[in-house]
Amino acid sequence: MVKTRYSEVKAFTPGWLALAGGLGAVIVAALGAVWYMEHNGHWVTGMTNQVVWGVPHVFAVFLIVAASGALNIASMGSVFGREPYQPLGRMSGLVAVALLAGGLAVLVLDLGRPDRLVVAMTHFNFKSIFAWNVILYSGFFAVVGVYLWTMMDWRMKRFYKPAALGAFLWRLILTTGTGSIFGFLAAREAYGAAVMAPLFIAMSFAYGLAIFMLVLVFAGKTTRRPVGDDLLARMIRLLGLFVAANLYFVVIHHLTQLYFAGRGGVEAFILAGGGVYTTLFWVVQVGLGGILPLVIAFAGCKHPPRRRAVMASLLVVVGGLAQVYVLIIGGQAWPLDLFPGMETWSSFADGRIHAYVPTLAEVMLGLGGVAIAAIIVLMFVTVLRFLPDDMGSMQ
Amino acid sequence: MLARLLLGLLMMASATAALAAEPLALPKAKGGTTCVEAPAVMRRDHPDMLKHQRDETMRLGIRGAKASLKECVACHSTAAADGAPRRVDDPGQFCQSCHAYVAVKPDCFECHAAVPGQKTAGGAP
Amino acid sequence: MTQLSRRQVLLASGAVLIVSAAEAADSQSVRGQPASSARRWGLLIDTAKCAADCTICVDACKAEMGLTGHDRPLTDAQYVRKVNVKDPASGHTHSLPVMCQHCAKPPCVDVCPTGASMKRADGIVLVDRHICIGCRYCMMACPYKARSFAHEAQTGQQPHLPRGKGTVEGCTLCVHRVDEGRPPACVEACAAKAKGAMLFGDLKDSSSDIARRVAREATSRIRADLGLDPAVRYQGI
């Protein structure tokens, strides 16, 4: 077995500066957007009393879900003993932590009172799945931090296995918690189903691996570290499996919904007559983000593995954003049913489809979260030995 | 925010310059000099009193206690020349003059009324 | 017809009873004492007396709570609204006020991460805006769409109802009035200026008008199937 060597990324090269500068600019623009939204109040956003969670939440949930999935590469190596993945364990942990930090930043900066973050950290309602998520998210940093420590410090080697197992279990619980944020909403017809938890786990597997592959290919190309074709081919097959699992739970969810007569309305809305949500669902989520990656993974696509990895991963990311958009915003666009079987109308938008148009500021905040995640990865690979010199090309 | 901070610093600087002299000229309360407690106690403890009371009133529903933000405002607000009440958090008014002096921003009046309530017909028993 | 007028008279007398505060000495909260779980404040709303074009309760609420609004219907706060309901099969239409239903098992309280969304011992559901972080999860969870988010900085607040940007708000059942032994503003206005369709009282006090009517007449609750046990009951929905 070849001993893996790790090395830092060289700082202050023109490419490094350009990347850091670009990400910094996005973050500054996002902070400007936050200032604009918080100074004026949320009425300047597309969010209303009807659609209370908007594009910031789409990005936040996407990043948080992807975070736990990005840890899978490390788990594959340590918990499931797949040796080819082991050199990438450090990177996997880092990307996971960075994505979570980016997602949480978006979530926090969209609060009505982000200045009261300390209140959220000191007042807990233990019946709230949201409060549990605060604990699960903070714990994730600690658990993955310890896991990374056992990977990077030989004196900690004996704790490597338990730390790996702990992190793997923690991430499963974390995504269960994120899915349950929606699963526990009895009155929202688009959610309120136990399948939300496993669906979110499947989503996290797919999104996290897709983002990890993009980071890997990008890092390999820009820092001239060879990425093995065999490894990439393996990961593409794995991605295909996760995408299939995601599709499976989506099908189960909608079949269940369709079977309940009372939920026929919301299903007809999402699947058939919901305009942008229907298009996003069928074309982007299912078509581009589901079927096409499966074709790339399993149907004998002839492109070289690196090309296929990038194509499939980008498609999964785009499809994933659409999936979360349809889920969060499409689900709120459908009105609450105060009087089942009746038509209702009021001055408070009862009984009609709620419009939502995202504003630039909201999108900017979401992109800021992505940039925060990226800059965290960049900074850590620069100061510590996260990246292996050879990423699987020797096997 | 920055402007407020600078203003605070400026006021601190000018106050230091004036030193021993009475640093602040506060509007007098309507009800005399001792409302809930002696001025020295009030200066030191009013945040704790208010915070304690807010939880008791808001969450437990205990009414009619000694410390009440509503009463603070009722007693300490002044009227402008035209008779309109001034906000207690306006510059130079009771709350703000002291809070600017110590450079602490009170959060109360983003939500709470900073002028006394108008007497409604009937009123409270 | 005679039936209706008899009920009208009954209800009007009930409303007068409350407005005249005959029960005040009994229902007023004791000075210095916390709200008691021996009480459960509730409403009984007779939709037969609620005209579709009447918004007296809504207007009274806005005045009482200092809800000035910004002419932005999608983001302006509404504590109570008139919902019109039509049976698509028969075309029958009726109208009713919907506000926070002050559930015994409020989902907004369950989901709130900080405990800002809370239920007082006497069943009144409130938002403690001192610790509300503005996450809006309660708005996602409420089946009645009873809550609003303060989308902008607020001015002209009433001393009894603090409200500010970035926090969630909703009907308080006029807790400031209830603690003084007075009925909520909407109930008072409906009795004084409309047909007295709303009755306020203590559901746990078997001698109260509301408890007696609930014991005697058929009443129902919006989305009773969700099992939240709201304190607001309706007739004719």
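In the predicted model, 18 residues of chain B are in contact with 24 residues of chain C, two residues being in contact if their C-beta atoms, placed from the backbone, lie within 7 Å. On the side of chain B that touches chain C, helix α2 (residues 39-60) of chain B gives the most, with four residues. Helices here are DSSP runs of H or I with at least four residues, strands are runs of E with at least two, and both are numbered from the N terminus. By residue class, this side of chain B comprises nine nonpolar, four polar and five charged residues. Ala, Val, Leu, Ile, Met, Phe, Trp, Tyr, Cys and Pro count as nonpolar, Asp, Glu, Lys and Arg as charged, and the others, Gly among them, as polar.

This is a predicted model, in which local features need pLDDT of at least 70 and side-chain atom pairs count only at pLDDT 80 or more, while totals for chains, interfaces and linings use all residues. Residues are numbered from 1 along each chain as its sequence is written, and chains are lettered from A and ligands numbered from 1 in the order in which they are written.

Between chains A and C, 39 residues of chain A are in contact with 45 residues of chain C. Chains A and B, by comparison, are joined by no contact, and their closest C-alpha atoms lie 11 Å apart.

Chain A contains 13 helices and three strands. Its C-alpha trace spans about 70 × 50 × 40 Å along the principal axes. The radius of gyration of chain A is 21 Å, which agrees with the value near 21 Å for a compact globule of 395 residues; the radius is taken over C-alpha atoms, and the globule rule is 2.2 Å times the number of residues to the power 0.38. Of the 395 residues in chain A, 52% are buried. A residue is buried if 20 or more other C-beta atoms lie within 10 Å of its own, exposed if 12 or fewer, and partly exposed in between, with C-beta atoms placed from the backbone. Among the contacts in chain A with a separation of 6 or more, 78% join residues 24 or more positions apart.

Helix α12 (residues 305-333) of chain A has 29 residues, which should span 42 Å at 1.5 Å a residue; the end C-alpha atoms are 40 Å apart, in agreement. The expected span is 1.5 Å times one less than the number of residues. A bend of about 25 degrees occurs in α12(A) at Val326(A), the bend being the angle between axes fitted to the seven residues ending there and the seven starting there. Because 21 of its 29 residues are buried, α12(A) is largely enclosed by the rest of the structure.

The largest nonpolar core has 205 residues, of which Val95(A), Leu99(A), Ala206(A) and Leu239(A) touch the most other members. Its largest share, 18 residues, comes from helix α8 (residues 196-222) of chain A. A nonpolar core is a set of buried Ala, Val, Leu, Ile, Met, Phe, Trp, Tyr and Cys residues joined through C-beta atoms within 7 Å. Leaving aside neighbours within four places in sequence, Leu99(A) is in contact with Leu63(A), Ala66(A), Ala67(A), Ala70(A), Ile211(A) and Ala373(A). A second, separate core of eleven residues includes Leu69(B), Cys95(B), Phe109(B) and Ala113(B).

Chain B has four helices and zero strands. Of its 125 residues, 19% count as buried, and residues 24 or more positions apart account for 52% of its contacts with a separation of 6 or more.

Two residues of chain C have positive phi angles without being glycine. His102(C), with a phi of about 45 degrees, lies in the loop between β3 (93-98) and α4 (107-111) of chain C. With 27 C-beta neighbours inside 10 Å, His102(C) counts as buried. Asp229(C) has a phi of about 55 degrees and is found in the loop between α8 (209-216) and β9 (232-235) of chain C. Asp229(C) is partly exposed, with 15 other C-beta atoms within 10 Å.
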